[in-house]
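Please open the model in a viewer and keep the sequence at hand.

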Amino acid sequence: MHKNTPLLIAHRGDTISYPENTLEAFLSAFEKGADGVEMDIHLDGKEVIIVHNYLFNRKKTYPKLKDILKLIHSKGRVEIEVKALSIDILQPLKKVLDKFPKADFELTTSEIPLSSYIKQAFPIIPLGLILHDFFFQKWMTQEIVKQKLVGWGKMSKADRLHVPLTVLSQFGKDSLVRELHKAGFVIHSHINNTGEQGKELSDLSQWQVDQCTFDNIELINAKRST
């Protein structure tokens, strides 16, 4: 394993052992050695809740962000994906996050128009821009992809770029990561829950990727054994 192993962030917590986006999943991930956890948030009325789906069942009760953060905010990185399609979530979110000024937060979104509003509301908290692989076509060269990543990152006021592993693999690997680092971005990728996750972690380490989310908590054991 490369000495610079990425920060390992459990995607929606320890979802192998517990339901995703629950307190039990987050606590278990930290207990098993994850550097951080990732969660998804929406606005339900005036409350910021933790749930993945855009069309969540409004008759159900979901964990409240403020309640979860009380119990995990000091345990490591907390990556919060803002999945709202409106800026209405930002003021309620600010009321919650202001209660934890020393926490290691990262706010992320794949809703590109929302990103600059997030940065305006939270100028100190790092902003991660999630970029899907379908944004990048096979005909594109490495230079075009680099310019697109840098350009979208700067226009979105992002500090961190969440780049799919497939995009890194196809368009330059470590050389692309170096160029994005030179442009001032922290680079994040994602390791899928497949039999290849050990190799994928090794690749990301060699390419100097800074942090990654992962789906299978057993990756922690793979990291320890290397």
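Please bear in mind that the model is predicted.

**Strand 4**

Begin by selecting residues 77-82, which form strand 4. Of its 6 residues, 6 are buried, so the strand is largely enclosed by the rest of the structure. In a regular strand, side chains alternate between the two faces of the sheet. Here R77, E79 and E81 lie on one side, while V78, I80 and V82 lie on the other, and all of them are buried.

**The partners of strand 4**

Then select residues 105-109, strand 5, which pairs with strand 4 in the parallel sense over 4 bridges. Within this pairing, E79 has E106 of strand 5 as its bridge partner. Now follow the chain from strand 4 through helix 3, residues 90-97, to strand 5; this β-α-β crossover is right-handed.

**Two loop residues**

Most residues other than glycine have a negative phi. Select N21, in the loop between strand 1 (7-11) and helix 1 (23-31). N21 is not a glycine, yet its phi is positive, at about 60°. Is N21 buried or exposed? N21 is buried, with a relative accessible area of 3%.

Finally, move to the loop between helix 8 (197-206) and strand 9 (211-214) and select Q208. Q208, also not a glycine, has a positive phi of about 70°. Q208 is partly exposed, its relative accessible area being 32%.

Note on methods:
Residues numbered from 1 in each chain as written. Predicted model: local features only at pLDDT ≥ 70, side-chain atom pairs only at ≥ 80, totals over all residues. Heavy atoms only, no water. Buried < 20%, exposed > 50% of the residue type's maximum accessible area, 1.4 Å probe, protein only. Pairing = 2+ DSSP bridges. Right-handed = clockwise from strand over helix to strand, strands pointing away.
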